[in-house]
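Here is a short briefing on one protein model. Keep the sequence and the structure in view while reading.

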Amino acid sequence: MLEAIVLSTVLARGPELPAVKETGEKHHPSSVSMYQGDLYVDKHNSIRLCIRDRESNDIYSAVSKPPNTYRGAYQMNDPLIDGAAWMIQKQLRSEGYSRKQARKIRKEIQATKGNQISIYWQDRIFWTIWREGEGRMHWYHTVPGTACF
């Protein structure tokens, strides 16, 4: 009986989510996306890797030159991260997380500078924005010869 109660509590909460904030140097040259959920598209992973390499040399703690507008492996600005956080809150609700949990994650993402967001959440934010290529305009290249798609 007790096991059934514990199991139902775990299922109601959803699986444990990784921490949002992670400080310090974060170099992750692996080709594996830490996020592998519904928005992950394997055939687009090579594009993600190209964007990540071009934007930050695979350094998740990267910060652009002053005024430090773009941060993290995918060099996203605060408004882009804020928008993705709202989308992630909705995703988490559809994945079975409580309103309280989903709101907590959204607020943590929005309160954390992009370069201090953990690898899992930066990858998830990328895939949330990418949306099977619909969000690619956020990573159009500005230097000739550096296009990833």
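How many salt bridges does the structure hold? The structure holds 7 salt bridges. This is a predicted model. The points below take up some of these salt bridges, then a pocket, a surface patch, the backbone and a few distances.

**Salt bridges**

- One of the salt bridges joins the side chains of aspartate 123 and arginine 48, at 3.5 Å from N to O.
- Aspartate 123 belongs to helix α5 and arginine 48 to helix α2 (residues 45-56), so this pair ties together parts that lie 75 residues apart in sequence.
- Both partners, aspartate 123 and arginine 48, are buried.
- Another salt bridge links the side chains of glutamate 55 and arginine 54, with an N to O distance of 3.0 Å.
- Glutamate 55 is partly exposed, at 26% relative accessible area. Arginine 54 is partly exposed too, at 24%.
- The side chains of glutamate 108 and lysine 104 also meet in a salt bridge, at 2.5 Å from N to O.
- Why are glutamate 108 and lysine 104 separated by about one helical turn? They sit 4 residues apart in helix α4, so about one turn lies between them.
- Glutamate 108 has a relative accessibility of 25%, so it counts as partly exposed. The cut-off for buried is under 20%, and for exposed over 50%.

**The second largest pocket**

- The second largest pocket holds about 210 Å³ of space.
- Its lining has 13 residues, and the closest to the pocket centre are Glu16, Leu17, Gln101, Lys104 and Ile105.
- Which helix gives the most to this lining? Helix α4 (residues 99-111) does, with 4 residues.
- By class, the lining residues of this pocket are 7 nonpolar, 4 charged and 2 polar.
- Glutamine 101 has its place in helix α4. Its relative accessible area is 23%, so glutamine 101 is partly exposed.
- Lysine 104 is among the residues closest to the pocket centre, and its side chain is also a partner in the salt bridge with glutamate 108.

**Surface patch**

- Which residues form a nonpolar patch on the surface? Met137, Tyr140 and Phe149 do, with about 320 Å² of accessible area together.
- Methionine 137 is placed in the segment after α5 (119-130).
- Methionine 137 is partly exposed, with 46% relative accessible area.

**Backbone features**

- Proline 66 and proline 67 are joined by a cis peptide bond, with omega at about 20 degrees.
- Proline 67 is in the loop between α2 and α3 (78-94).
- Glutamine 75 is not a glycine, yet its phi is positive, at about 50 degrees.
- Glutamine 75 lies in the loop between α2 and α3.
- Is glutamine 75 buried or exposed? Glutamine 75 is buried, with a relative accessible area of 13%.
- Glutamate 132, a residue other than glycine, has a positive phi near 55 degrees.
- The location of glutamate 132 is the segment after α5.
- Glutamate 132 is exposed, with 58% relative accessible area.

**Loop residues and C-alpha distances**

- Where is histidine 28 found? Histidine 28 is in the loop between α1 (2-13) and α2.
- Histidine 28 is buried, with a relative accessible area of 16%.
- Histidine 28 and tyrosine 60 are 32 residues apart in sequence. Their C-alpha atoms are 7.1 Å apart in space.
- Arginine 71 is found in the loop between α2 and α3.
- Arginine 71 counts as buried, at 14% relative accessibility.
- Between arginine 71 and isoleucine 59 there are 9.9 Å, C-alpha to C-alpha, and the two are 12 residues apart in sequence.
- Glutamine 101 and isoleucine 47 are 54 residues apart along the chain, and 31 Å separates their C-alpha atoms.

Definitions and conventions:
Residues are numbered from 1 along each chain as its sequence is written. This is a predicted model: local features need pLDDT of at least 70, side-chain atom pairs count only at pLDDT 80 or more; totals for chains, interfaces and linings use all residues. Side-chain values use heavy atoms; hydrogens and water are left out. Patches are made of residues with over 30% relative accessible area and no salt bridge: like charges are joined within 9 Å, nonpolar side chains (Val, Leu, Ile, Met, Phe, Trp, Tyr) within 5 Å. Accessible areas come from the Shrake-Rupley method with a 1.4 Å probe; for residues, only the protein chains shown count as cover. A salt bridge is a side-chain nitrogen of Lys or Arg within 4 Å of a carboxyl oxygen of Asp or Glu. Helices (H or I, at least four residues) and strands (E, at least two) are DSSP runs, numbered from the N terminus. Buried means under 20% relative accessible area, exposed over 50%, partly exposed in between (1.4 Å probe, protein chains only). On a 1 Å grid over the protein atoms alone, a cavity is a set of points where a 1.4 Å probe fits but cannot get out, and a pocket is an open set with protein on both sides within 12 Å along at least five of seven lines; lining residues have an atom within 4 Å of a point. Grid points are joined across faces, edges and corners, and a volume is the space filled by probe spheres set on the points. Ala, Val, Leu, Ile, Met, Phe, Trp, Tyr, Cys and Pro count as nonpolar, Asp, Glu, Lys and Arg as charged, and the others, Gly among them, as polar.
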